[in-house]
Amino acid sequence: MVSASIYAIMGLGGQEMIFIFLALLLLFGAKKIPELARGLGKGIKEFKDATKDVRENIEEGLKESEK
């Protein structure tokens with residue numbers, strides 16, 4: 001559901017997504033695409049973890065300043 005709304009915002013339809021997928025397949029090959037996806041997933045996970053840590057530090061600072 002979330003990914004569909006992102007594509008709608010970007011103005012990408014079904015044909016454009018197929019074209020992008022085929023272009024990636026031609027550029028990187030079938031063996032490299034899973035590796036790229038794994039690397040992208042790890043990068044997103046690290047980014048989320050870092051933002052979570054920053055948020056927790058800010059919340060702790062606010063709690064300490066209230067005391």
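**Salt bridges and helix packing**

Modeller: K45 and D49 join their side chains in a salt bridge at 3.6 Å, N to O, the term meaning a side-chain nitrogen of Lys or Arg within 4 Å of a carboxyl oxygen of Asp or Glu. This is a predicted model, in which local features need pLDDT of at least 70 and side-chain atom pairs count only at pLDDT 80 or more, while totals for chains, interfaces and linings use all residues. Residues are numbered from 1 along each chain as its sequence is written, and side-chain values use heavy atoms, with hydrogens and water left out.

Biologist: Where do K45 and D49 lie?
Modeller: Both are in helix α3, four residues apart, about one turn of the helix; helices here are DSSP runs of H or I with at least four residues, numbered from the N terminus.

Biologist: And how many salt bridges does the whole structure have?
Modeller: The search finds two, and E35 with K32 is one of them, at 3.8 Å, N to O. E35 and K32 also both lie in helix α3, three residues apart.

Biologist: Switching topic, at what angle do α2 and α3 pack?
Modeller: Helix α2 (residues 14-28) meets helix α3 (residues 32-66) at about 110°, with axes 9 Å apart, the axes being lines fitted to C-alpha atoms over the stretch in contact and the angles running from 0 to 180 degrees between N-to-C directions. That makes α2 roughly perpendicular to α3, a label for 65 to 115 degrees.

Biologist: Which residues make the contact?
Modeller: From α2 they are L24, L25 and F28, and from α3 they are K32, I33 and L36, where contact means heavy atoms within 4.5 Å.

Terms used:
Helix = DSSP H or I, 4+ residues; strand = E, 2+ residues; numbered from the N terminus. Parallel < 35°, antiparallel > 145°, perpendicular 65-115°, else oblique.
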